Amino acid sequence: MDPVKAKETVFSGLIASGWLTAALAMRMIVDHYLSHVASLGSPGVDELRWLKPVRPGNSLSLRVSIVETRRSQTKPDRGIVGSLVEVLNQDHEIVISWKGMNMLQCRNASADHL
């Protein structure tokens, strides 16, 4: 938290914790992406990467790209949505990314697709 000493580190200044950045991203996901009606949670995330430091004053935005959709083979009333989550800074640089899976309640359990 000391800006003078932080200049002597490998990051050459103050940065936010990577886990704080991930928590902020999760807040954006919950508020603006996940269905408050159909979301059933997540079995986990893969390939979590901190790509660039987040610094005081940075403005962050979220980009979610759907990479897979499928119906659960064991529970046909549920669908699985795979996504690539990217958090970008004000310069549109990706600062953190991960691949996530989401379980969703399906509208029609007998349909052949999501």
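These legends accompany close-up views of a predicted model.

**View 1. The largest nonpolar core.** Nine residues make up this core. They are Ala-22, Ala-25, Ile-29, Val-54, Val-85, Val-87, Val-95, Ile-96 and Trp-98.

**View 2. Contacts of the core residue Val-85.** Val-85 belongs to the largest nonpolar core. Neighbours within four places in sequence are left aside here. Val-85 then touches Ile-29, Ile-96 and Trp-98, among others. Its contacts also include Leu-62, Arg-63, Val-64 and Ser-97.

**View 3. Thr-21 in helix H2.** Thr-21 sits in helix H2. Its relative accessible area is 3%, so Thr-21 counts as buried, the limit being under 20%. Beyond neighbours within four places in sequence, Thr-21 is in contact with Ala-16, Val-54, Leu-60, Val-95 and Ile-96. Val-54, Val-95 and Ile-96 are also listed in the largest nonpolar core.

**View 4. Pro-76 in a loop.** Pro-76 lies in the loop between strand S2 (61–71) and S3. With a relative accessible area of 42%, Pro-76 is partly exposed. Gln-105 is 29 residues away along the chain. The C-alpha atoms of Pro-76 and Gln-105 are 9.2 Å apart.

**View 5. A nonpolar patch on the surface.** Val-10, Phe-11 and Ile-15 form this patch. Together they have about 290 Å² of accessible area. Val-10 is located in the loop between helix H1 (3–6) and H2. Val-10 is exposed because its relative accessible area is 76%, and exposed means over 50%.

Notes. Residues numbered from 1 in each chain as written. Predicted model: local features only at pLDDT ≥ 70, side-chain atom pairs only at ≥ 80, totals over all residues. Heavy atoms only, no water. Core = buried A, V, L, I, M, F, W, Y, C linked by side-chain atoms within 4.5 Å. Buried < 20%, exposed > 50% of the residue type's maximum accessible area, 1.4 Å probe, protein only. Contact = heavy atoms within 4.5 Å. Helix = DSSP H or I, 4+ residues; strand = E, 2+ residues; numbered from the N terminus. Patch = residues over 30% accessible without salt bridge, like charges linked within 9 Å, V, L, I, M, F, W, Y side chains within 5 Å. Areas by Shrake-Rupley, 256 points an atom, 1.4 Å probe, with all protein chains shown as cover. Salt bridge = Lys/Arg side-chain N within 4 Å of Asp/Glu carboxyl O.
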